[in-house]
Amino acid sequence: MQKWVFWDDGDHSPAFNMAADEMLMQWHREGRIAPVLRFYGWKPGGFSVGYFQKTTKFNLEEIEKRGFKLVRRPTGGQAVLHHQELTYSIIVSEEYLGIPSTIKEAYKVLSEGLLLGFDNLGIKAEFALPADSKPKGTANCFEEASWYEINVDGKKAAGSAQTRQKGVILQHGSIPIWLKQEDLLELFLYPSDRVKERAYKSFMNKAASLQEFISPQTTLEEIRAAFYDGFQKGLDVTFERLELDEEQLKTIEQLAKEKYQNHEFLYAR
């Protein structure tokens with residue numbers, strides 16, 4: 001059984017969160033840290049767009065009005081609102097034993113812990129196996145599930161994105177705990193009121209959050225523990241707690257400022 005490191009660093013700004021994932025990739029590539037499982041939150045809430053998405057699809061004024069911060073992810077995929085959720089990231093070498101060479105199959109291996117985490121909470125979840133894997137053109141991550149993302153009762157309950165850079169995989173994802181649909185859907189631009197109304201109706205049948213399936217008394221600590229155990233079993237590893245020093249934290253903050261808060265990078269598309 002391999003040893004990984006686990007970093008549960010609490011809530012940070014959207015720019016810090018994306019910079020942290022990027023630096024963990026670099027440090028793992030350099031052999032300075034073992035493969036990583038990270039849990040984190042967002043303060044303030046973040047609206048993350050995929051690396052290749054155009055910001056012209058979104059209501060930037062409404063994002064600011066609702067107290068969220070726009071950030072561009074290093075991974076592809078669609079836009080996600082990160083608010084009242086558990087976010088995870090996995091950083092591991094492409095050469096790690098048991099990691100498939102294809103992105104789709106790697107999703108399945110790395111997401112096994114999500115299934116087990118839901119099971120620990122008494123929730124029957126399953127992998128999404130879309131009949132048609134071609135993208136539908138939606139800008140919203142939770143409009144539909146991709147291969148091996150997580151469905152509960154036919155609704156998408158966790159979304160993930162992945163990138164591979166210089167031999168290292170980053171997969172990170174969102175597990176909504178509470179989901180207020182207008183907080184998300186009002187952040188998009190629609191060609192007409194009719195299309196907007198259709199988006200609202202469609203979203204109710206396609207997305208789910210933990211609040212629909214767990215007791216109101218369930219704590220965030222219990223949710224984190226459920227997924228910690230799920231990933232430990234799903235990856236067949238043991239975790240040691242990762243502690244970053246002051247210099248490493250400053251490096252993350254510097255990258256957050258220079259890249260992820262940089263106007264040119266943020267609005268590159």
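Colleague: Which residue is the bridge partner of V152 in β9?

Modeller: The bridge partner is K155. Please bear in mind that this is a predicted model.

Colleague: How many bridges are there between β8 and β9, and in which sense do they pair?

Modeller: There are three bridges, and the pairing of β8 with β9 is antiparallel. The two strands form a hairpin with two residues between them. In that turn, D153 has a positive phi of about 55°.

Colleague: And what joins β9 to β10?

Modeller: Seven bridges do, with β9 and β10 running antiparallel.

Colleague: Is β9 mostly covered or mostly open?

Modeller: β9 is mostly covered, as eight of its eleven residues are buried.

Colleague: What is the strand order in the open sheet?

Modeller: The eight strands follow the order β7-β8-β9-β10-β6-β2-β1-β11, and the pairing is mixed.

Colleague: Which strands stand at the edges?

Modeller: β7 and β11 (237–241) do; each has a single partner strand, so one side of each lacks a neighbour in the sheet. For β11, five bridges join it to β1 (residues 2–12), and these two strands run parallel. Within that pair, W4 stands opposite F239 in β11.

Colleague: Which helix packs on the sheet there, and which strands does it touch?

Modeller: Helix α1 (residues 14–29) packs on the sheet and touches β1, β2 (36–42), β6, β9 and β10. The direction of α1 makes about 170° with that of β2.

Colleague: Changing topic to α3: how many residues does it have, and what distance does it reach?

Modeller: Helix α3 covers residues 103–120, which is 18 residues. From first C-alpha to last it reaches 26 Å, close to the 26 Å expected at 1.5 Å a residue.

Colleague: Where does α3 bend?

Modeller: The bend is at S111, by about 40°. S111 is also among the buried residues of α3, which include A106, Y107, L110 and F118.

Colleague: What covers those buried residues?

Modeller: The cover includes the strands β6 (85–93), β7 (126–127), β8 (150–152), β9 (155–165) and β10 (168–176), together with helix α6 (220–235).

Colleague: Which residue takes a positive phi just after α3?

Modeller: That residue is G122, with a phi of about 80°.

Notes
Residues numbered from 1 in each chain as written. Predicted model: local features only at pLDDT ≥ 70, side-chain atom pairs only at ≥ 80, totals over all residues. Heavy atoms only, no water. Helix = DSSP H or I, 4+ residues; strand = E, 2+ residues; numbered from the N terminus. Expected span 1.5 Å × (residues − 1). Bend = angle between axes of the 7 residues up to and from the residue. Buried < 20%, exposed > 50% of the residue type's maximum accessible area, 1.4 Å probe, protein only. Contact = heavy atoms within 4.5 Å. Pairing = 2+ DSSP bridges. Axes fitted to C-alpha atoms, helices over the stretch in contact; angles between N-to-C directions.
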